[in-house]
Amino acid sequence: MIKVVITGSNGLLGQSLLNLLLKDKDSYQVYGFSRGKNRSGREDFNYISIDITEKEELDKKLEQIQPDYIINTAAMTQVDDCETNKQACDILNVDVVKWMTRFASKSKTHIIHLSTDFIFDGKKGYYKETDKPNPLSYYGLSKLKSEQVLKDSKINFTILRTILVYGKVFDMSRSNIVLWVREMLEKNKEITIVDDQYRMPTYVEDLAMACKIAMDKKALGIYHISSNTLLSVYEIAQQIAETFDLNKNLIKPISTSILNQTAPRPAKTGFDLSKTNNELRFYPKSFKEDLQIFKESLK
């Protein structure tokens, strides 16, 4: 059996991975690392309440388990919080990866690590895995540093970069763009959405599947995972309204400059998915198609 540790197992991707891997209990022995109580609604895996920013605690648990794979979904992802609390951001996003990498170098553990489109400056869009990073925010910089930790090591690693992840799991501590837009429009509330930032949103079920494929194929290196259509965030909100039969007239466009956010955001990201298509044999759909699948899953 393949032993898999999922860090951040209470999160959106963490719970989605649990649900996916536990369909095949004969193949995977799954350990979930998260803070506090198990929020997944499942008891059929090994849940470990742990603060992974405590190095000794993390080392001890990994030594006991000796996993074949660590899927590292844990991160500080609130972009403005990372800008104002750089130390906390570095500990979770960079130091933890260093500690896991040191462990993996002794134990032959393969690390699958989640990264972000925010490592790019957003000047061109449709980024390839080989394009030169130039993060605008501290969050983006921290994720780039974590990638470099893995690249400088001699361990087996896979980096999956992704964009604007959405979906729904059993017990959620945070919302995401699709759930938030839907909730606001259902309450008949007017919302302002930026129309000059462009993204390719990622359905969490697709991202979980990409993690599993990377593991099953023993894929090495960097891959881009997102939907296949570049849209402005305003267009994303419009498509959410259309899919859920809500009033899109409540969505008002706004420019990034008016928002006055603490951390700068890249204007245009989006990924070139040809390497993912060719090597992982994984073919993401459009946001519109994924939204429809997501809507069906909520019934």
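Visitor: What makes the contact between the side chains of Asp-131 and Lys-124 a salt bridge?

Guide: A salt bridge is a side-chain nitrogen of Lys or Arg within 4 Å of a carboxyl oxygen of Asp or Glu. The side chains of Asp-131 and Lys-124 come to 3.1 Å, N to O, and therefore the pair meets that definition. The model is a predicted one, in which local features need pLDDT of at least 70 and side-chain atom pairs count only at pLDDT 80 or more, while totals for chains, interfaces and linings use all residues. Residues are numbered from 1 along each chain as its sequence is written, and side-chain values use heavy atoms, with hydrogens and water left out.

Visitor: Why is Lys-124 called partly exposed?

Guide: Buried means under 20% relative accessible area, exposed means over 50%, and partly exposed is what lies in between, using a 1.4 Å probe and protein chains only. Lys-124 has a relative accessible area of 43%, so the residue belongs to the partly exposed class.

Visitor: How many salt bridges does the structure hold?

Guide: There are 18 salt bridges in the structure. One of them joins Asp-44 to Lys-25, with the closest N and O atoms 3.0 Å apart. That pair links distant parts of the chain, since Asp-44 sits in the loop between strand S2 (28-34) and strand S3 (46-49), whereas Lys-25 sits in the loop between helix H1 (12-21) and S2, 19 residues apart. Helices (H or I, at least four residues) and strands (E, at least two) are DSSP runs, numbered from the N terminus.

Visitor: Are Asp-44 and Lys-25 buried, exposed or partly exposed, and what values place them there?

Guide: Asp-44 has a relative accessible area of 31%, so this residue is partly exposed. Lys-25 stands at 41% relative accessibility and therefore also counts as partly exposed.

Visitor: Which classes do the two partners Glu-296 and Lys-299 fall into?

Guide: Their side chains meet in a salt bridge at 3.4 Å, N to O. Glu-296, at 41% relative accessibility, counts as partly exposed, whereas Lys-299, with a relative accessible area of 74%, is exposed. Elsewhere, salt bridges that share partners join Lys-25, Arg-42 and Asp-44 into one network.

Visitor: How do you know that Glu-129 has no salt bridge?

Guide: Side chains of opposite charge can pair when their charged atoms come close. For Glu-129, which is buried, the nearest side chain of opposite charge is that of Lys-275, 5.4 Å away, and the residue has no salt bridge. In this comparison Lys and Arg count as positive and Asp and Glu as negative, while His and the chain ends are not counted. Glu-129 is found in the loop between strand S5 (110-116) and helix H5 (138-151), and its side chain reaches the backbone nitrogen of His-224 at 2.9 Å.

Visitor: Is Thr-130 buried or exposed, and what makes it so?

Guide: Thr-130 is found in the loop between S5 and H5, and at 72% relative accessibility this residue counts as exposed. Thr-130 and Ile-222 are 92 residues apart in sequence and 8.7 Å apart in space, C-alpha to C-alpha.

Visitor: Why is Thr-73 called buried?

Guide: Thr-73 has a relative accessible area of 18%, so the residue is classed as buried. Its place is in the loop between strand S4 (69-72) and helix H3 (79-84), and a polar atom of its side chain lies 2.5 Å from the backbone oxygen of Thr-7.

Visitor: What is said of phi in Leu-164 and Asn-188?

Guide: In Leu-164 phi is near 40 degrees, a positive value in a residue other than glycine, and in Asn-188, likewise not glycine, phi is positive and near 60 degrees. Leu-164 lies in the loop between strand S6 (157-162) and strand S7 (165-166), and at 34% relative accessibility this residue counts as partly exposed. Asn-188 is placed in the loop between helix H6 (177-186) and strand S8 (191-194), and its 58% relative accessibility makes Asn-188 count as exposed.

How values were computed:
Polar contact = N/O pair within 3.5 Å; in protein donor to acceptor, adjacent residues only side chain to side chain.
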